[in-house]
Amino acid sequence: NPKEIDLGARFVVPGGKIEYMPAFFTGAGNLWKIRYTPRTKGDYSYHVILKTPAGEKSSPLYAMKVAAPGDSNGFLRKSRNNLSYLAFDSGKPFFGLGHNIAWVSQNDTAVYESYFAAMAANGCNMARIWINSPWTFCVEYKKIGVYNCDDCAKIDSLIKLAEKYGIYIVLVLDSYGSLMGENGDWEENKWNSNPYNKLKGGFCQKPWDFFTDKNAIENYKNRLRYIIARWSYSTNVLAFELWNEVDLPKDWAAEIASYMKSVNPHGQLITTSLKYPWDNVFDESSIWTLKDIDIIERHLYGNDAQDIIGYLISSNKVFAEKYGKPILIGEFGMDSGKDDKRIDPDGIGVALHNSIWASAMTKSLGGALNWWWAGYVRANDLYFHYKALRDFVDGVDWNSARVELADVTPLVTKPAVVTFSDISVIPAEKWGDTSYGKFTVHNNGDLSGGMVNYYLHGMLKKEFRIEPVFHVNYPKAGKFTVKVGTVSQGGKLVIYLDGKAALEKEFPAGPGEGPWVKSLYRKDYNIYQCVYNSYVAIDVPEGPHTIKLANYGKDWIGIKRITLGDYNSNAMVNARLAGLIVGDKILLWIQNKDYNYKKIRKGTTFPSIENASFSIHDIENGDYRIEWWDTVKGGMFSVKKIKAEKEKLYIAVPPFSKDLACKIIK
């Protein structure tokens, strides 16, 4: 408690700026330590200051000369040259690859070392590690203000190992389970043992009091001060994550992030992740727009969307444009409720593979961090997937001033006879989510703009209302069909075509028989919800149009499926293309959309895709070198010279069945 003992060092750095570094109690005898990392060469001076209720004492002034930068590249910062990536103090670029190692059995640091060694050998340099959950290293867990110095010493060792193997840590300071009173699927509900709970001698009657009680906040700041004093010295601490998956109150997050920066001269980045309480309706922008939240962290699982890779790509683009901050996919897996080893018992790793390439090609600061580290990644030795991506991005200047999404056409081919087929968009059930409202449906089935929400809210919940707009381009006249699922209390669906109402239809709800398939009485809300599973459609002429959905009824209408008839021609290849221009390089990833874990589970085979091509527009004329890369084995398998003319680069794609990547350099 710094009110009782406040020990630290005041440094005068070259240029005259003053920095204060608090000391920390080691738990060994009466030993305190100060860990401070100079970030520039030159002449320093410092003195140690002790403040207690009895008064203040100061040591003599000492001199310290930093003659050279040393071997380290310094701390990781947000790039000064672009909004999306991190760079070291030295200016060296950083691209993160790795996975979660939130905890290990018995908190054995030797187990962490085995992970770090395997990761480093395969080009990985990043891990996300938890503290302060009961099964992890804990700083404060039995009584407020009493810190577990044994576990802290293990964290010391862990960070030394990270430095040894070149692993940069996102240190997660707590998790939602510490606030969870209800039963959890993973027995993570630990509010009853939380030292901040009044029943355990704390200050908080209810979990959410933790964010408002002045005494709780003051004591939590003491814990943060200790964490910063002990571990912020390390250049291998990439960022501090405030909470794992908690919808933080905006004012608390702003206050705590600002406090951490005020007491940390080393200046590590700060992030957090959101989700709990699970049924919470939460405005994510309230957190991501805070000036002291440096990194947007997202957690994505296969059960979040029908096409999780497509969703990752489209939503990353939305987040990058909307917030202008680095993005980290801090957790990824095939299912949030069951270990990936059950979904992929053969350990192929296709979802892991697709996730790291998709995130890498859409302005994430690195590859998605897989969640199932022990029984899946490590057990199946899936590190070769990381190695192939590391080889591909090696030498890319992520600290470049030029970072932008590549302007590329979809993949096309030339069939003997052109035929047309339907494309479907499957919305996801995300209650109260208003993140996405403007979409583009591409003729190859790709959806830009994020994720369409199943719930089309009416007038009862105006705060949730969005009227999704779809930009479409029909190659021939077709239909736009909406499948209505369940309707709550009645709704009125209106479909607009180019600003004019093309269809209006009432969907009432009530007891007994009606135009619905089934009527359900919700006793908990004293309302009727009726299942329709019926279709409405409008005719859409050939060419580009805008289509808007609106609900002017009482409550929500469930949009189960949207189908665009005769929208896809067989000249469009069933593959997605994602890519970036970074500095002088164009990086592209091409993936057969059928190459996913769901199709593999069904025994789908992947015939070769041949005679495909695409174009890059608005490109400088001249000669280019194009390298084709194997995304699994790694390395180049083909190098060619091509020429851009009329500010357009035409590229013929080698035959492929699953995915491949290319790098284009002028």
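**Figure 1. Helix H8 in the predicted model.** Helix H8 (residues 350-360) is largely enclosed by the rest of the structure, because 11 of its 11 residues are buried. The structure shown here and in the other views is a predicted model. The buried residues of H8 include Leu352, His353, Asn354, Ile356 and Trp357. Val350 and Ala360 are also among the buried residues of H8.

**Figure 2. Packing of helix H3 against helix H4.** Helix H3 (residues 214-231) packs on helix H4 (residues 250-262) with an axis-to-axis separation of 10 Å and an angle of about 35 degrees. The crossing of H3 past H4 is right-handed. From H3, the residues making the contact are Ile217, Tyr220, Lys221, Leu224, Arg225 and Ile228. H4 contributes Trp252, Glu255, Ile256, Tyr259 and Met260. Sorted by class, the contact of H3 with H4 contains 8 nonpolar and 3 charged residues, and no polar ones.

**Figure 3. An aromatic cluster and an aromatic pair.** Tyr176, Tyr196, Trp208, Phe210, Phe211, Tyr220, Trp243, Trp252, Tyr276 and Trp278 belong to one aromatic cluster. Among these, Tyr220 and Trp252 also take part in the contact between H3 and H4. Over the whole structure, the search finds 52 aromatic pairs. One of them joins Trp371 and Trp373 in an edge-to-face arrangement, with ring centres 4.9 Å apart and planes at 90 degrees. Trp371 and Trp373 are both buried.

**Figure 4. Charged side chains over aromatic rings.** Arg298 is placed over the face of Tyr311, 5.7 Å from the ring centre. In a second example, Lys505 lies over the face of Phe507, and here the distance to the ring centre is 5.6 Å.

Figure 5. Ile287 is located in helix H5 (residues 285-288). Its relative accessible area is 0%, so Ile287 is buried. Beyond four places in sequence, Ile287 touches Leu248, Lys250, Ala253, Thr272, Leu274, Phe282 and Ile293. Ile287 and Leu274 are 13 residues apart along the chain, and their C-alpha atoms are separated by 9.1 Å.

Figure 6. Strand E24 (residues 478-488) contains Thr486. Thr486 counts as buried because its relative accessibility is 17%, and the cut-off for buried is under 20%. With neighbours within four places in sequence left aside, the contacts of Thr486 are Tyr454, Gln529, Cys530, Val531, Trp556, Ile557 and Gly558.

Key:
Residues are numbered from 1 along each chain as its sequence is written. This is a predicted model: local features need pLDDT of at least 70, side-chain atom pairs count only at pLDDT 80 or more; totals for chains, interfaces and linings use all residues. Side-chain values use heavy atoms; hydrogens and water are left out. Rings of Phe, Tyr and Trp (its six-membered ring) pair if their centres lie within 6.5 Å; planes under 30 degrees apart count as stacked, over 60 as edge-to-face and the rest as tilted. Buried means under 20% relative accessible area, exposed over 50%, partly exposed in between (1.4 Å probe, protein chains only). A charge sits over a ring if NZ of Lys or CZ of Arg is within 6 Å of the ring centre and within 35 degrees of the ring normal. Axes are lines fitted to C-alpha atoms, for helices over the stretch in contact, and angles run from 0 to 180 degrees between N-to-C directions. Helices (H or I, at least four residues) and strands (E, at least two) are DSSP runs, numbered from the N terminus. A crossing is left-handed if the near helix is turned anticlockwise from the far one by less than a right angle, and right-handed if clockwise. Contact means heavy atoms within 4.5 Å. Ala, Val, Leu, Ile, Met, Phe, Trp, Tyr, Cys and Pro count as nonpolar, Asp, Glu, Lys and Arg as charged, and the others, Gly among them, as polar.
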